[in-house]
Amino acid sequence: MTQRRDKINYYLDLAETVAKRSTCFRRWYGAVIVKNDEVISTGYVGAPRGRKNCTDTGRCIRQELNIPRGERYELCRSVHAEMNAIISASRDKMIGSAMYMAGVDAQTGEYISNSNNCSMCKKVMINAGIERVYIRDSRDEYRMIMVQEWIDNDESLEGVRGY
């Protein structure tokens, strides 16, 4: 008999499955918002509804311009997984919720360990009322971040860029 999966990894497994819908050439991320053991919404990396995805156009402008991760997102065709999950949920359900995130390298299929949310997504998650973020580092390992830490340690005051 196999051991029952712990609840956090269960939700991270869901986020990993959601990530497989991503249309980015670089990284596939999935996000799942959960409150009171109920999935509120999901989101993955992809172009806005009705617009062509990078996988449709066959190109990534940020990759062509050799832009490092965490910079110049205004050039990206995609909406981040976190934002797509938040867009699909009502704020009253997100207040006090947790977001579960999993990311894999689109080229290698390997987990993206030590990833972090970009500054834009952090701001949106703060305003959405999300309380905790769980980020997968490997199949069974993850980190938990209290969103309050982003408020208390505001990197935007220091001009920190990227992740």
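Q: What are we looking at, and from where are residues numbered?
A: It's a predicted model, so to speak with care: local features need pLDDT of at least 70, side-chain atom pairs count only at pLDDT 80 or more, and totals for chains, interfaces and linings use all residues. Side-chain values use heavy atoms, with hydrogens and water left out, and residues are numbered along each chain as its sequence is written, from 1.

Q: In what order do the five strands of the open sheet run?
A: Strands here are DSSP runs of E with at least two residues, and helices are runs of H or I with at least four, numbered from the N terminus. Two strands pair if DSSP finds at least two bridges between them. The pairing in this sheet is mixed, and the order is E2-E1-E3-E4-E5.

Q: Which strands stand at the edges of that sheet?
A: An edge strand here has a single partner, so one of its sides is left without a neighbour in the sheet. That goes for E2 and strand E5 (142-146).

Q: How are the rings of Tyr100 and Tyr134 arranged?
A: Rings of Phe, Tyr and Trp (its six-membered ring) pair if their centres lie within 6.5 Å; planes under 30 degrees apart count as stacked, over 60 as edge-to-face and the rest as tilted. Here the centres are 4.8 Å apart and the planes are at 10 degrees, so the pair is stacked.

Q: How many residues apart in sequence are the parts that this pair ties together?
A: Tyr100 lies in strand E3 (residues 98-105) and Tyr134 in strand E4 (residues 132-136). Tyr100 stands opposite Tyr134, and E3 and E4 run parallel, joined by four bridges. The parts tied together are apart in sequence by 34 residues.

Q: Is Tyr100 buried or exposed?
A: Buried means under 20% relative accessible area, exposed over 50%, and partly exposed in between (1.4 Å probe, protein chains only). Tyr100 has 6% relative accessibility, so Tyr100 counts as buried.

Q: What kind of pair do Tyr134 and Tyr142 form?
A: Tyr134 is buried at 10%, while Tyr142 is partly exposed at 31%. Their ring centres are 6.1 Å apart with planes at 70 degrees, so the pair is edge-to-face.

Q: Where does Val45 lie?
A: Val45 has a relative accessible area of 6%, so this residue is buried. Its contacts (heavy atoms within 4.5 Å), leaving aside neighbours within four places in sequence, include Arg21, Cys24 and Val79. Its place is the loop between strand E2 (38-44) and helix H2 (54-57).
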